[in-house]
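Welcome to a short tour of this structure. Take a moment to look it over, and then we will walk through its ligands, sheets and helices together.

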Amino acid sequence: MDILDKVYLPTDIKKLNKSELDALCQELRQFMIQSVSKTGGHLASNLGIVELTVAIHRVFDTARDRLVFDVGHQSYVHKILTGRMDRFNTLRQFGGLSGFPRPSESMHDAFIAGHASNSISVALGMARSRTLTRREYSVIALIGDGALTGGLAYEALSDAGESGEPLIIILNDNGMSITPNVGGIAKYLSRQRLKPSYAAFKKRYRRIMEKLPGGRHVYNFTHGIKSAFKEALLHCSMFEEMGLQYAGPIDGHDITKLAEALSWAKSLGEPVLIHVITQKGKGYSYSEATPDVYHGVNPFDYKKGVIPVKSKCFSSVFGEEMVRLAHQDFRVCAVTAAMTGGTGLTDFAAKYPERFYDVGIAEGHGAAMSAGMASQVSIPVFAVYSTFLQRSYDMLLHDVALQNLHVVFAIDRAGLVPGDGETHQGIYDVGYLATVPNMKVLCPASYKELREMLRHAALKMDGPVAVRYPKSGEGRYKDGGVKLSKLVAEGTDLTLVTYGVSVNTALDAADLLRGEGISAEIIKLDFIKPIDYEAVNASLQKTGRLLVLEEAAESGAVGEKVAAHVAASGIRLKGLRLLNLGCRFIPQGSVEELRKMCGIDTLSVRAAARDLVLRGGAPKPSPAEKKRRAVAGGDKPAKNKPADDIFAEAPAEEEKPGKDETPEDAPAEEPAPAENAEQGGAAPEDTAAAPTVEDAAG
Ligand SMILES: Cc1ncc(C[n+]2csc(CCOP(=O)(O)OP(=O)(O)O)c2C)c(N)n1
Ligand SMILES: CC(=O)[C@@H](O)[C@H](O)COP(=O)(O)O
Ligand SMILES: [Mg+2]
């Protein structure tokens with residue numbers, strides 16, 4: 001790595017000549033291939049963006065100019081060139097470098113990223129603030145063609161075009177989302193790609209016209225009727241119609257041309273879009289041949305290009321069952337928002353192309369479109385990652401639930417995910433789905449349960465139904481059947497309520513507790529909406545102690561609900577403990593590391609249960625636990641402020657005890673019986689009467 005070893009900061013890039021730049025690009029590719037083959041990560045997108053990133057650093061100064069990545073999975077080259085090469089081997093590991101931009105990592109990372117299509121909005125906001133405060137620096141949004149299928153990007157383009165704000169949008173167009181890009185915009189961009197450089201054509205045209213007698217007049221005339229002229233002769237860009245300057249398409253692997261275009265954009269003082277064509281996966285034959293396979297990879301053998309075969313997991317089982325369902329019932333359709341492979345729908349897409357809809361990175365549209373299908377005769381199953389379904393919250397309420405439409409949400413990546421970190425944790429859906437009237441939520445813990453619950457949700461239920469499952473595979477629990485809840489272990493000392501794959505942790509903890517003479521009764525909720533309070537109450541009559549274990553954020557989760565219901569029922573508890581992820585952002589790491597950090601791994605559950613039985617409450621967190629909790633914080637965008645206070649660290653917030661923690665010496669309190677329960681007052685929706693599977697089935 002002769003050149004790369006000498007490039008520690010972007011200023012070093014500015015000193016290199018053409019052949020050194022070419023060598024640098026080659027070394028960057030070599031380094032990333034080898035390093036990502038050990039850590040795993042988003043390889044293909046980064047291989048495709050090497051020259052473009054180098055060109056950006058030639059022209060701009062990212063310590064001062066603000067570079068906003070869309071999604072941010074393509075920020076590896078930028079990270080390596082901004083002083084993070086020696087930590088690159090920690091990429092996506094617990095405590096290591098993030099796979100996405102993180103202002104807390106470097107002053108060169110302007111804004112956090114992870115979810116698609118927001119970069120133009122963020123960049124426009126930065127540009128406006130810069131202009132308002134009369135400062136001078138460039139703001140650049142770097143967005144892929146896939147991310148440009150998201151509606152948010154168009155809201156921002158429309159605003160940016162009219163704003164007149166100096167803002168540079170770089171469209172990195174490689175024709176690919178994770179799989180080939182879809183939709184009318186993708187088609188439009190591919191037509192643009194076939195054209196000779198429009199900017200060059202325009203320049204040449206103007207020069208010729210100025211030389212011809214009367215040519216200036218003709219140019220002005222044609223310029224005046226720009227829209228019609230462009231449409232007729234040049235078939236010009238929709239971006240210009242929206243009020244942006246446009247240059248491109250430009251060869252995204254030619255640093256000289258890229259630097260020229262970027263310098264022009266920098267000098268322009270208007271909103272401008274530079275359309276750059278790149279090849280996803282470039283420079284590594286395996287990823288060039290199958291860029292989708294190398295979009296996000298686990299560790300692999302880079303010499304042979306052998307990626308370990310993905311083992312059976314909930315997503316693959318979901319995909320298999322969807323094929324069966326489609327075969328059995330013509331009404332069953334599958335919808336994805338650009339996540340065909342990840343959600344396990346590749347086979348379905350091949351076997352039932354006429355009933356498969358990839359709507360692009362457009363989760364809001366996916367949900368509303370599914371509502372439309374359900375309002376007719378179809379049974380849409382929208383397979384979507386928990387974290388991305390956040391984008392559809394209003395559609396869940398407004399388009400689906402309000403009319404009680406039968407849309408099935410197959411919520412993948414529910415719970416903790418490993419390498420992607422804060423932006424991708426599937427830990428909020430339990431809370432936000434709880435707020436949606438008419439919604440029912442099923443939580444399979446085994447492959448058998450997933451098959452049966454999906455089938456039940458699609459063919460036997462009505463109204464909106466969610467079936468949520470994690471990225472991982474199943475554990476020791478392998479049973480099937482669809483009930484409201486299942487008693488999976490009998491016991492007398494405490495009632496452990498849980499759902500989904502957390503049941504494996506509960507079973508392991510119960511085994512350990514048994515060795516200590518503590519007997520735990522485990523209730524596994526098949527439905528977390530509605531909740532089987534009758535089963536919980538019956539168990540509590542026996543044990544008097546309640547522990548709820550869930551891999552979900554605290555607010556609106558099952559623990560809160562069960563505790564409130566128990567209080568309202570007037571059951572006098574000897575102890576209560578809610579184990580969940582609290583209200584905080586959870587970083588990257590292996591799922592086991594994260595569970596341990598959050599106190600929901602087997603040993604933590606055992607300790608909490610033991611404490612509940614022996615002391616009736618929760619212990620004060622140990623210093624080690626306090627330290628672990630402090631790791632999980634948010635991230636702040638790096639501000640572009642005057643030099644002395646730029647990137648000043650804000651003081652850390654003082655840690656407050658969690659709601660389920662009692663101060664060391666305080667006696668554990670017994671919840672008082674709720675008044676309305678004793679007086680027969682109205683109970684909240686879910687607590688009114690113990691529901692049955694038939695109720696849940698609508
Ligand atoms: C809201 C949202 N939905 C889905 C994803 C998953 N996702 C990450 S990258 C990607 C494809 C992005 O394509 P593009 O922007 O063209 O970048 P490329 O990988 O081609 O460089 C998708 C679908 C996401 N990050 N955010
Ligand atoms: C960047 C992004 O959002 C996706 O590529 C995501 O990392 C996919 O996650 P899985 O690897 O779990 O499918
Ligand atoms: Mg792309």
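Which residues surround ligand 2? In this predicted model, ligand 2 is surrounded by H42, V71, H73, H295, G296, G342, R413, V417, D420 and K471. By class, that shell holds 2 nonpolar, 5 polar and 3 charged residues. Domain 1 (4–195 + 242–289) and domain 3 (314–468) both contribute residues to the shell, so ligand 2 lies between them.

Ligand 1 is next. Around ligand 1 there are 22 residues, and those that come nearest are S45, A116, G144, G146 and A147. Ligand 1 also lies between domain 1 and domain 3, because both give residues to its shell.

An unreviewed UniProt entry carries the annotation "binding site" for H73, G114, H115, A116, G146, A147, N174, Y284 and E363. These positions span 291 residues in sequence and the farthest two C-alpha atoms are 32.0 Å apart, so they do not all gather at one spot. One of the annotated residues is H73, which also belongs to the surroundings of ligand 2. H115 sits in the loop between α5 (76–84) and α6.

Helix α6 (residues 119–132) packs with helix α7 (residues 151–163) at an angle of about 30°, and their axes are 7 Å apart. On the α6 side, I120, S121 and L124 take part, and they meet L152, A153, A156, L157, D159, A160 and S163 in α7. Sorted by class, this contact has 7 nonpolar, 2 polar and 1 charged residues.

From an unreviewed UniProt entry also comes the annotation "domain: Transketolase-like pyrimidine-binding", covering residues 312–476. Over residues 312–476, the chain is 40% helix and 16% strand, with its end C-alpha atoms 15 Å apart.

Now for the sheets. Strands of a sheet pair through backbone hydrogen bonds, either parallel or antiparallel. One open sheet has 7 strands in the order β7-β6-β8-β9-β11-β10-β15, and its pairing is mixed. At its edges stand β7 (356–358) and β15 (527–529), each with a single partner strand, so one side of each is left without a neighbour in the sheet. Neighbouring strands of this sheet are turned by 20° against each other on average, direction ignored. Strand β6 (residues 332–336) runs parallel to β7, joined by 3 bridges, and V335 stands opposite Y357 in β7.

Helices pack on this sheet too. Helix α17 (residues 363–374) touches β6 and β8 (379–385), and its direction makes about 165° with that of β8. Helix α21 (residues 447–460) lies across β6, β8, β9 (408–412), β10 (440–442) and β11 (465–468), running at about 170° to β11.

How many strands form the open sheet that includes β12? There are 5, in the order β12-β14-β13-β16-β17, again with mixed pairing. The edge strands β12 (485–489) and β17 (575–579) each pair on one side only, and the twist averages 20° from one strand to the next. Within this sheet, β13 (residues 494–499) and β16 (residues 545–549) run parallel and are joined by 3 bridges, with V497 opposite V548 in β16. Helix α26 (residues 602–615) lies across β13, β14 (520–525), β16 and β17, at about 165° to β16.

Terms used
Residues numbered from 1 in each chain as written. Chains lettered and ligands numbered in written order. Predicted model: local features only at pLDDT ≥ 70, side-chain atom pairs only at ≥ 80, totals over all residues. Near = placed C-beta within 6 Å. Nonpolar A, V, L, I, M, F, W, Y, C, P; charged D, E, K, R; others polar. Domains from an automatic or database assignment. UniProt positions renumbered as here; feature names shortened; annotations may be inferred. Helix = DSSP H or I, 4+ residues; strand = E, 2+ residues; numbered from the N terminus. Axes fitted to C-alpha atoms, helices over the stretch in contact; angles between N-to-C directions. Contact = placed C-beta atoms within 7 Å. Pairing = 2+ DSSP bridges.
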